[in-house]
Amino acid sequence: MSVMGLVCRNCGADYPPEPLYTCFECFGPLEPRYEWDDIEISRETIARGPPSIWRYRQLLPVDGEVVDLGAGFTRFIHAKRLGNALGLRQLYLIDDSTNPTYSFKDRVVSVAVSKALEFGMTAVGCASTGNLAGSLAAHAAVANLPAYVFIPKGLEKGKLTQALVHGAHIIEVDGTYDDANRLATECAEERDDWGFVNINLRPYYAEGSKTLAYEAAERLGWTVPDQVVVPVASGALLCAIHRGFAELEQVGLVEEASVKFNAAQPEGFPVARAIKEHTKVEPIRSWSTLVHSLAIGNPADGTFAKKVVEQSGGYAEDPSDLEAIEAIKLLASTEGVFTELAGGITIAALKRLVDGGRIDEDEVVVAYLTGNGLKTPEALVPHLSEPIRIDGRIEEVEEVISCCA
Ligand SMILES: *Cc1c(COP(=O)(O)O)cnc(C)c1O
Ligand SMILES: [Zn+2]
């Protein structure tokens, strides 16, 4: 659908639909403005569309060709066994570990790289906590654009390998994600014909995540869940899912869209902390969590994410890494899904929300699993049992079996 312009989420100032991302008046973030009256969309046209985010094309900010590796419309699971373990009857999971590059980032990158081509940009870039790097590298390869990726020190090997294999230029900054992001932002300011997907293309990029709301509603027979649990790094994902549900109501695809939003962050991170302690979102500068994909100390959309959570009547939880690992094992052993640490944080937060009485057993709950466990196996290894090692004689096998029984 055509973007009519960009509008400041803070003060409402209007801008043309260009690669802009902050308001000149108040430094607020910009988001696309559409002509809602022109949108023709129905449940039937969506059902006839491709099994990807592009089935919702009329609600996404791209007009021309799209760079489509098949992101979205991932597995939607009625998680009866996990629900049973947690005390929920209607728990659903959206499993984005099955996206083309194994995280939800394919949804946002597919939109942003399509937009980069539409703007005639000559290269793409990003600052990444890991998953974005892999996704951008793959989409840039297909779009035939060079990719420049700024990452913090200490990323998981699997994520690094994934970005490198597609031919991206990886620049490792000796610091945190926030340091890498600052440098990428400076670089973006120097080069206006480069599209930094989560910087100067951010207003378009973030729109890709709205499809996580559309899919939940479509899979639930065009109704919305009572509550969602969303992992938060910068807060962009949570805010976009919120906009997604509101838009469904606006275009008449669902009758009403009141959904309680719950944020999941690693222990001590700013958004969850601010919600739990009723304070402002204050950046943090150092941490020790292994959950790198959610480790943003200065979340760009943190204040907006907090507002969405509070106004919806939801809450936040910030489980420890150990709780996340236990949750990964519980999910894997009940539903056959192996999620990465961010998914562990999400399920661990869900557990705390149920135990704390904030979610009732009969409510319809959707939890978002945003990445694949095979990307971060290192964190899990010390918490799993060792293989049973034998020389190779059948007697040994019999002995092992009788021990296991
Ligand atoms: C990027 C990411 C998120 C959410 O990031 P936001 O910055 O809040 O949009 C969640 N989970 C995973 C696995 C991610 O890679
Ligand atoms: Zn403004």
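Okay, ground rules. We're looking at a predicted model, where local features need pLDDT of at least 70 and side-chain atom pairs count only at pLDDT 80 or more, while totals for chains, interfaces and linings use all residues. Residues are numbered from 1 along each chain as its sequence is written, chains are lettered from A and ligands numbered from 1 in the order in which they are written, and side-chain values use heavy atoms, with hydrogens and water left out.

Domains, then. The assignment, with bounds from an automatic or database source, gives domain 1 (1-38) and domain 2 (75-102 + 206-383). Their centres, taken over C-alpha atoms, are 27 Å apart. Seven residues of domain 1 are in contact with nine residues of domain 2, contact being heavy atoms within 4.5 Å.

UniProt, in an unreviewed entry, lists residues 68-371 as "domain: Tryptophan synthase beta chain-like PALP"; such annotations may be inferred rather than shown by experiment. That stretch is 44% helix and 15% strand, going by DSSP runs (helices are H or I, at least four residues; strands are E, at least two).

Now the helices. Two packed helices are described by the angle between their axes and the distance between the axes. The axes here are lines fitted to C-alpha atoms over the stretch in contact, with angles from 0 to 180 degrees between N-to-C directions.

Take helix 9 (residues 236-250), which meets helix 8 (residues 211-219): the axes come within 7 Å and cross at roughly 50°. The pair is therefore oblique, the label for whatever isn't under 35 degrees (roughly parallel), over 145 (roughly antiparallel) or 65 to 115 (roughly perpendicular). Among the residues in that contact are L212 and Y214 of helix 8, with I241 and F245 of helix 9.

Helix 9 also packs on helix 11 (residues 302-312), at about 45° with the axes 8 Å apart. There, L238, C239 and H242 meet F304, A305, V308 and V309.

Last pair: helix 3 (residues 105-118) and helix 4 (residues 131-143), with axes within 9 Å and crossing at roughly 40°.
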